[in-house]
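Here is a briefing on a single chain. Look over the sequence and the fold, then read the points below.

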Amino acid sequence: MSDSTTTDESGPLLGAADIRELAAALGVRPTKQRGQNFVIDANTVRRIVRTAEVRPDDVVVEVGPGLGSLTLALLEAADHVTAVEIDEVLAAALPSTVAARLPGRADRFALVNQDAMQVTELPGPPPTALVANLPYNVAVPVLLHMLATFPTIDRTLVMVQAEVADRLAARPGNKVYGVPSVKANWYAEVKRAGAIGRNVFWPAPNVDSGLVSLVRRTTPVQTTASREEVFAVVDAAFAQRRKTLRAALAGWAGSAAAAEAALVAAGVSPQARGEALTVQEFARIAEHRTSQGPRGAAA
């Protein structure tokens with residue numbers, strides 16, 4: 001699509017040799033502390049961009065770009081890419097990699113050297129899509145923070161640990177349905193979008209990976225309760241997930257009796273458990289909380 005200084009079959013994208021060469025030049029070793037596993041396969045990043053349905057007019061935000069494998073593929077497809085990278089060494093090197101391998105697109109790239117959990121604004125036009133190989137140790141909080149902070153993000157495709165992908169996409173009644181499932185569903189329609197093998201990473205992780213697609217709800221969950229109030233119910237319900245909601249929500253409501261009253265008013269059985277409820281039902285419970293209990297905490 002644009003200028004390139006390379007002639008191998010990866011085109012401007014990074015292959016395994018490129019990744020190791022870049023890492024050696026920077027003195028970089030992937031760290032488990034920051035959940036770093038670099039994608040070394042050009043076909044995989046092309047597949048991610050294709051699955052994300054990145055369009056020529058998209059403004060994409062990428063979290064944890066690392067050495068730039070996915071960044072370059074996104075730049076080929078999108079109008080603009082903003083990468084958020086916490087690692088100072090990696091962040092400093094990324095603009096040079098973009099300029100060398102996609103010089104014709106370098107002016108469409110921006111970098112934010114910051115912890116994604118602390119990001120509250122981005123340079124350039126508002127993002128329309130989030131596409132990222134998220135650091136596995138912080139994947140869920142980063143995902144939820146980005147969705148909450150940037151309401152213009154319409155479509156999201158993230159690569160996460162397979163187990164986390166299952167949780168995010170789980171439906172009520174599923175044994176892995178829990179806090180991530182409900183909170184992600186508050187923002188979007190969520191589904192699994194594929195599996196990723198271990199051999200496309202360096203170093204190869206000890207876990208399988210999965211893609212998760214999130215398409216933001218065109219109509220938000222209809223409720224008079226705030227997101228914080230709804231999420232407080234969710235947190236309380238799953239903090240003691242083996243208990244009935246009457247018992248699990250006693251602390252949140254102020255007493256078991258107050259919890260039962262809220263549940264009955266919301267049309268939810270006090271004997272039900274959190275894993276059976278939809279996000280809409282959690283919202284109804286939040287609406288019927290009386291004034292006697294402590295106010296709910298944030299997401």
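Arg 155 counts as buried, because its relative accessibility is 10%, under the 20% cut-off. The model is predicted. Arg 155 is found in strand E6, residues 155-161.

**Arg 155 and its surroundings**

- A polar atom of the Arg 155 side chain lies 3.1 Å from the backbone oxygen of Glu 53.
- Beyond four places in sequence, Arg 155 touches several stretches of the chain, including Ala 52, Glu 53, Val 54, Arg 55 and Asp 58.
- Its other contacts include Thr 128, Ala 129 and Leu 130, as well as Leu 214 and Val 215.
- Arg 155 also forms a salt bridge with Asp 154, with the closest N and O atoms 3.7 Å apart.
- Asp 154 counts as partly exposed, because its relative accessibility is 35%.

**Glu 53, the backbone partner**

- Glu 53 sits in the loop between helix H2 (42-51) and strand E2 (59-63).
- Its phi is near 55°, a positive value in a residue other than glycine.
- Is Glu 53 buried or exposed? Glu 53 counts as exposed, because its relative accessibility is 57% and the cut-off for exposed is over 50%.
- The contrast is plain: Arg 155 is buried at 10%, while Glu 53 is exposed at 57%.

**Strand E6 and its neighbours**

- E6 is mostly covered, with seven of its seven residues buried.
- Which strand pairs with E6 in the parallel sense? Strand E5 (residues 129-133) does, over five bridges.
- In that pairing, Ala 132 stands opposite Val 158 of E6.
- E6 also pairs with strand E9 (residues 209-216), in the antiparallel sense and over seven bridges.
- There, Val 158 stands opposite Val 212 of E9.
- Val 158 therefore has a residue opposite it in each pairing: Ala 132 and Val 212, by the strand-pairing rule.
- E5, H5 and E6 make a right-handed β-α-β unit.

**Val 140 in helix H5**

- Val 140 belongs to helix H5, residues 139-149.
- Val 140 is buried, because its relative accessible area is 18% and the limit for buried is under 20%.
- Leaving aside neighbours within four places in sequence, Val 140 contacts Val 164, Leu 168 and Pro 180.
- Val 140 and Arg 284 are 144 residues apart in sequence, and their C-alpha atoms are 24 Å apart in space.

**Salt bridges**

- How many salt bridges does the count come to? The count comes to 13.
- Side chains of opposite charge can pair when their charged atoms come close.
- Asp 18 and Arg 101 meet in a salt bridge, 3.5 Å from N to O.
- That pair links distant parts of the chain: Asp 18 lies in helix H1 (residues 16-26) and Arg 101 in helix H4 (residues 88-101), 83 residues apart.
- Asp 18 and Arg 101 are both buried.
- Arg 246 forms a salt bridge with Glu 260, with the closest N and O atoms 2.5 Å apart.
- Arg 246 lies in helix H9 (residues 245-248) and Glu 260 in helix H11 (residues 256-265), so the pair ties together parts that are 14 residues apart in sequence.
- Arg 246 is partly exposed, because its relative accessible area is 30%.
- Glu 260 is partly exposed as well, with a relative accessible area of 30%.
- Salt bridges with shared partners join Asp 58, Asp 154 and Arg 155 into one network.

**Other local features**

- Helix H3 (residues 69-77) is mostly covered, with eight of its nine residues buried.
- Among the buried residues of H3 are Ser 69, Leu 70, Thr 71 and Glu 76.
- Where is the cis peptide bond? The cis bond runs from Trp 202 to Pro 203, with omega near -10°.
- Pro 203 lies in the loop between strand E8 (201-202) and E9.

**Confidence**

- The mean pLDDT of the chain is 92, and 91% of its residues reach 70 or more.
- Over residues 1-8 the pLDDT is below 50, and this stretch has 20 contacts in the model beyond near neighbours in sequence.
- Residues 291-299 stay under 50 in pLDDT, and the model has 18 contacts for them beyond four places in sequence.

Notes: Residues are numbered from 1 along each chain as its sequence is written. This is a predicted model: local features need pLDDT of at least 70, side-chain atom pairs count only at pLDDT 80 or more; totals for chains, interfaces and linings use all residues. Side-chain values use heavy atoms; hydrogens and water are left out. Helices (H or I, at least four residues) and strands (E, at least two) are DSSP runs, numbered from the N terminus. Buried means under 20% relative accessible area, exposed over 50%, partly exposed in between (1.4 Å probe, protein chains only). Contact means heavy atoms within 4.5 Å. A polar contact is a pair of N or O atoms within 3.5 Å; within protein, one must be able to donate a hydrogen and the other to accept it, and residues adjacent in sequence count only if both atoms are side-chain atoms. Two strands pair if DSSP finds at least two bridges between them. A crossover is right-handed if, with the strands pointing away from the viewer, the path from the first strand over the helix to the second runs clockwise. pLDDT is the predictor's confidence in each residue, from 0 to 100. A salt bridge is a side-chain nitrogen of Lys or Arg within 4 Å of a carboxyl oxygen of Asp or Glu.
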